[in-house]
Amino acid sequence: MNRNNHTMLQGPLLKSIILYTIPIILTSWLQLLFNAADLVVVGQANGSNSLAAVGATGAITNLIINLFIGLSVGAGVGVAHGLGSGDDAAVHRTVHTAIPAAIISGIFLTIVGVALSRTFLVWMDTPTENEVLELATVYMQIYFGGMVFNMVYNFAASILRAAGDTKSPLIFLGLSGLINVGLNLIFVLCLGMNVEGVALATIISQAVSAILVVMKLMGRTDACRLELKKMRIYGPQLKKMIRIGLPAGIQGSMFSISNVMIQSSINSFGDIVMSGNTAAANIEGFVFTAMNAFHQTAVNFTGQNVGARQYDRVKKILWTCLGCVAVTGAVLGLTMYGFGRQLLGIYISDSETAIEYGLVRLGYICAVYFICGLMDVSTGALRGMGSSIVPMIISVLGVCGVRLLWIGTVFQIYHTTDCLYLSYGVSWVITFIAQFIAFWMLYKRHTKRAESL
């Protein structure tokens, strides 16, 4: 057992969880900076129309890729269970199934994304004036051209985190992030490119991070070591990956469907509102990814301890992660709102009205964002225990269902951006309560089963 696994299965939880989670937070922020760098450079150099074009692709892009990103969650849980139970053979087979699955997923996504980008954007009522639709189509097609790198990085990074290594993905993404920013400046400012420049910079930098993370797996000396010649699809491991990961992916895609509906509603207010919404959403992303890091921590810590049948520790993991995510979400959310005008000004240089619309969104989202974090941690604990369908159903009904119902009823009566943003907080509260109850029901079932053995 290596030192990283030891800290998951034994020792003080608070310290271990914080030390484990901080690199995930920083890694997630660097990933977000890929898109932020795109937005800042293209917005400052080419104006709010280009900013709106890049922002218009976010919701639909997430909708398409989240289904397959969910499979990486399944790979991580499979590795965590195997490590916790000491089943090195299962870990080996999971690792060597995950990477081919990532490559196949990436190829499929490239074909779909390149062929149907414009169609998807038209369905979302992306504005045709000021070339927003054309610019968004170009950005989206180029971005999907590098989807294999995106998938490989996410699957491989999920395996490393399940094994306790959260620092390597941070280092690799940091290096590729510097490359991304540098290429953004070269392509847009020096070569005069528009959205196509920032898209190219993103996929090149993703290729670097994918190569580095695969090399790290190849250099490991434990059961997680990747040997390229031994890559193949192992049926039992693929089934477990799908059983856990597919519901997670469906849940992520359903989240994205609700976000697509909200984005379409935002689009109906025009490109100025779109610009402010895009910038605000990107700022909020730094709060969300910090909170979502505790979701990943809950998945992997719970997974290893369930594999080791340490159920009392599983309960402590949930409470510790809930406390940490509540503090993180409240502090970061209020900070982002407090400096909202200054932060929005980094993205938007040509419209004070767009900044005002961005502040409206920040006001409704940031004050209650910590509830979203509580919801995510509860979901992560359920997945770590091997349950993925239950949290998927709860989340689809609680988040997506509430938001779609809200858009179809309340928003039709009070057709304002304020009313639209209010749906976020309502859906988080309902879903967190349901996920929390589901965890304790499943926990009691696991402990009773363990007592009977």
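I started with Arg341, which is partly exposed because its relative accessibility is 38%. For my own reference, buried means under 20% relative accessible area, exposed means over 50%, and partly exposed is in between (1.4 Å probe, protein chains only). A note on what I am looking at: this is a predicted model, where local features need pLDDT of at least 70, side-chain atom pairs count only at pLDDT 80 or more, and totals for chains, interfaces and linings use all residues. Residues are numbered from 1 along each chain as its sequence is written, and side-chain values use heavy atoms, with hydrogens and water left out.

**Entry: salt bridges**

I asked what the side chain of Arg341 meets, and I found Glu356, in a salt bridge of 2.8 Å, N to O. The term means a side-chain nitrogen of Lys or Arg within 4 Å of a carboxyl oxygen of Asp or Glu. This pair links distant parts of the chain, with Arg341 in helix 13 (residues 340–347) and Glu356 in helix 14, 15 residues apart. Helices here are DSSP runs (H or I, at least four residues), and they are numbered from the N terminus. Glu356 is partly exposed too, because its relative accessibility is 36%.

Next I looked up Arg361 and Glu284, whose side chains meet in a salt bridge of 2.9 Å, N to O. Arg361 sits in helix 14 (residues 352–366) and Glu284 in helix 11, 77 residues apart, so this pair also links distant parts of the chain. Are these two buried or exposed? Both Arg361 and Glu284 are buried.

I then checked Glu227 and Arg225, which form a salt bridge of 3.7 Å, N to O. Glu227 has a relative accessible area of 26%, so I noted it as partly exposed. Arg225, at 35%, is partly exposed as well. Shared partners join Arg225, Glu227 and Lys230 into one network. Searching the whole structure gives eight salt bridges.

**Entry: Tyr421**

I found Tyr421 in helix 18 (residues 417–452). Tyr421 is buried because its relative accessible area is 2%. Which residues does Tyr421 touch, not counting those up to four places away in sequence? My list is Ile266, Asn277, Val360, Arg361, Tyr364 and Ile365; contact means heavy atoms within 4.5 Å.

**Entry: the core**

I looked at the largest nonpolar core, which has 129 residues, and Met151 and Phe439 touch the most other members. Helix 11 gives the largest share of this core, 14 residues. Such a core is a set of buried Ala, Val, Leu, Ile, Met, Phe, Trp, Tyr and Cys residues joined through side-chain atoms within 4.5 Å. Beyond its neighbours within four places in sequence, Phe439 is in contact with Val314, Leu318, Ala381, Leu382 and Met385.

Where does helix 5 (residues 88–123) bend? I found a bend of about 65° at Leu116, taken as the angle between axes fitted to the seven residues ending there and the seven starting there. Just after helix 5, Asp125 has a positive phi of about 60°.

Arg309 also has a positive phi of about 60°, although it is not a glycine. I located Arg309 in the loop between helix 11 (271–307) and helix 12 (311–338). Arg309 is exposed because its relative accessibility is 53%.

Definitions and conventions. Helix = DSSP H or I, 4+ residues; strand = E, 2+ residues; numbered from the N terminus.
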